[in-house]
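Student: I would like a close look at a single part of this protein. Please take it step by step and keep it brisk.

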Amino acid sequence: TKQDAATIAEKLFGYHAYTSKYIPMSEMPDTGIQDFLSPYFEPACITDTAYRQEISENIKDAQSVVVVDYRGLTVAEDTQLRKALREAGVTYKVYKNTLVSRAVEGTQFESLRDVLEGPNAFAISTEDATAPARILCKFAKDAKALELKAGVIEGTVYDSAALNELAKIPSRDELLSKFLGSIQSPITKLLLVLLNKYAEKDGEV
């Protein structure tokens, strides 16, 4: 069961890998031990080569990658953030900086190597280019420990301040919804006018 897995994990891995802060089982979320452990631990059976391949695969068709420093987030906050990103179709992973540095070499994300210091998490999107920035910036307003460092969005490099400005731009779905809403009323009125005219002509016949 999840409770058994959490008990075992606490005994084996019950500390934060970067801060050495012990994590009591009471703070472990209910989403499953694998999701909880993934930001902090890398299974020994997975080689660096496999991780580089995974990173390369994730960024191959990516429209954007945003780098954040997640130190200081509580377990609950981390779980909530991962859920929000997952629901938006954004991949959120913690990788070694050296592996990311090698994987992004020669790609549009190579400039991110300049901020690869300390523990970092990477939000990667292949569908909505601005989704990572929007979600992370919104989340960081309440979770002050979350620090946006930099990002590359559709080939353009953004620092933290620029990401916050970019995050204010509505998503494509929001823009489409507003557009449809703006034209719906005039079209409806036009259709009603035309229908009334046809009805009047039918009445005259």
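How many aromatic pairs does the count come to, and how do they sit in the fold?

Tutor: The model is a predicted one. The count comes to 2 aromatic pairs. Take Tyr51 and Tyr95. Their ring centres are 6.2 Å apart and their planes meet at 75°, so this pair is edge-to-face. The cut-off for that class is over 60 degrees. Tyr51 belongs to helix 3 (residues 48-60), while Tyr95 sits in the loop between strand 2 (91-94) and helix 5, so the pair ties together parts 44 residues apart in sequence. Tyr51 and Tyr95 are both buried.

Now take Tyr95 with Phe122. Here the centres lie 6.3 Å apart and the planes are at 35°, so the pair counts as tilted. This pair also links distant parts of the chain: Tyr95 is in the loop between strand 2 and helix 5, Phe122 is in strand 3 (residues 121-125), and 27 residues separate them. Phe122 is buried, as is Tyr95. Through these ring pairs, Tyr51, Tyr95 and Phe122 form a cluster.

Next, look at Asn97. This residue is in helix 5 (residues 97-104). Asn97 has 18% relative accessibility, so it counts as buried; the limit is under 20%. Leaving out residues up to four places away in sequence, Asn97 touches Leu116, Glu117, Gly118, Asn120 and Phe122. Phe122 is thus a contact of Asn97 and a ring partner of Tyr95.

From the N terminus, the elements run α-α-α-β-α-β-α-β-α-β-β-α-α. Of the contacts between residues at least 6 apart in sequence, 74% join residues at least 24 apart. Buried residues make up 38% of the 205 residues. The protein exposes about 12,400 Å², and carbon and sulfur atoms supply 54% of that.

Strand 4 (residues 147-153) pairs with strand 5 (residues 156-159) in the antiparallel sense, over 4 bridges. Ile153 has Thr156 in strand 5 as its bridge partner. The hairpin leaves 2 residues between strand 4 and strand 5. Glu154 lies in that loop. Its phi is near 50°, a positive value in a residue other than glycine. Most residues other than glycine have a negative phi. Glu154 has a relative accessible area of 58%, so it is exposed.

Conventions
Residues numbered from 1 in each chain as written. Predicted model: local features only at pLDDT ≥ 70, side-chain atom pairs only at ≥ 80, totals over all residues. Heavy atoms only, no water. Pairing = 2+ DSSP bridges. Buried < 20%, exposed > 50% of the residue type's maximum accessible area, 1.4 Å probe, protein only. Contact = heavy atoms within 4.5 Å. Areas by Shrake-Rupley, 256 points an atom, 1.4 Å probe, with all protein chains shown as cover. Phe/Tyr/Trp six-rings, centres within 6.5 Å; stacked < 30°, edge-to-face > 60°.
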